[in-house]
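Hi,

Here is the structure I promised to pass on.

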Amino acid sequence: MEHTTYSCGFAVIAGPPNAGKSTLLNELLDYKLSIVTPKPQTTRKKITGIYHKDNCQIIFLDTPGIMDPEQKLHESMLSIVRETLKEADVVIALLPYSKKNNLFDREFAEELFNNWLKPARKPVISVLNKSDLVSREQQKEAEEIIRNTWHPDAVLSVSALKRTNLDTLVQTIEPFLPDSPPLYPEDSLSTAPERFFASEIIREKIFLLYGQEVPYSAEVVVDEFREQHESDPSRKDLIRCSIIVERESQKLILIGQKGAALKKLGQAARKDIEEMLGRPVYLELFVKIRPDWRKKHNLLKSYGY
Ligand SMILES: Nc1nc2c(ncn2[C@@H]2O[C@H](COP(=O)(O)OP(=O)(O)OP(=O)(O)O)[C@@H](O)[C@H]2O)c(=O)[nH]1
Ligand SMILES: [Mg+2]
């Protein structure tokens, strides 16, 4: 009798803010699941993305960037990273190449390997991202330093953006996955509901359209997600969201002159939400002030942190 083996497990992507963790998840899945912006601290929660192959299923978990916490929100983000690491069959420790930092940030690497990965006691694949920024010789040099200093189970360089070496990364992950039937059906891409991704898309547009502290002070809550297309295909779904900010000044910036800025935000977000859902929607955005929400335990909790 023919004996086929199937493996399935969890690969947690962890690293500093802006390393390209969410980009890597999206490029592996070939689907824009996790929001990406040039600004650090874009991702605030765990994002599950399910990768399917003939003989294996990899459940990738994208996490917030690891940084020094300045407020309660950051502490919640770090506990999300810590909790997510517990789920890992293998950790992808993602460090970005940088021209400034003598190839990569050694101080952060030391912190990541010693204070996060060692206590987590999981197999580690050290992945240097943004290989498009450096030469092959420099990549070999950096890989060698990592191998000799922190002794991870494997080391490789990729460019998530250019999709370089992603097949090799998948092949490197596979041996770390337990023999197991798939945990999710073949057509599932994530575990979170559509309304979560709608709120994330709005957050992404806030990061892209506004400067300074506004993106960091903003949270998006879906108040109503009314699916109407099933009962009547001619009616659009209604999505009502609140954008929470900390101060009046931030609310004024978000709304803009005669509401122009909020309108632009709404249009950009609606376009992407419609693309994700594959159907037209009405998107209504309200701006609300909740002073110091990032420091308040109860508010953070109500926003899912
Ligand atoms: N040159 C280059 N840029 C990349 C690569 N991968 C990601 N980026 C860019 O790096 C920036 C940050 O990408 P994200 O995927 O949002 O990074 P992240 O690690 O998820 O960041 P946080 O969610 O803030 O922790 C974006 O501008 C990406 O386009 C890469 O391989 N090469
Ligand atoms: Mg991210």
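This is a predicted model: local features need pLDDT of at least 70, side-chain atom pairs count only at pLDDT 80 or more; totals for chains, interfaces and linings use all residues.

Residues are numbered from 1 along each chain as its sequence is written, with chains lettered from A and ligands numbered from 1 in the order in which they are written.

Ligand 1 has 23 residues around it, and the closest are Gly20, Ser22, Thr43, Gly65 and Leu161 (near means that the C-beta atom, placed from the backbone, lies within 6 Å). Helix α1 (residues 21–29) gives the largest share of that shell, three residues; helices are DSSP runs of H or I, at least four residues, and strands are runs of E, at least two, numbered from the N terminus.

Now the sheet. It is open and mixed, with three strands ordered β7-β8-β9; two strands pair if DSSP finds at least two bridges between them. β7 (219–226) and β9 (281–289) are at the edges with a single partner strand each, so one side of each has no neighbour in the sheet. β8 (residues 237–245) runs parallel to β9, joined by nine bridges. One to look up: isoleucine 243 has valine 287 in β9 as its bridge partner.

Helix α6 (residues 194–209) packs on this sheet and touches β7 and β8 (contact means C-beta atoms, placed from the backbone, within 7 Å). Helix α9 (residues 260–277) lies across β8 and β9.

Cheers

Note on methods
Two residues are in contact if their C-beta atoms, placed from the backbone, lie within 7 Å. Axes are lines fitted to C-alpha atoms, for helices over the stretch in contact, and angles run from 0 to 180 degrees between N-to-C directions.
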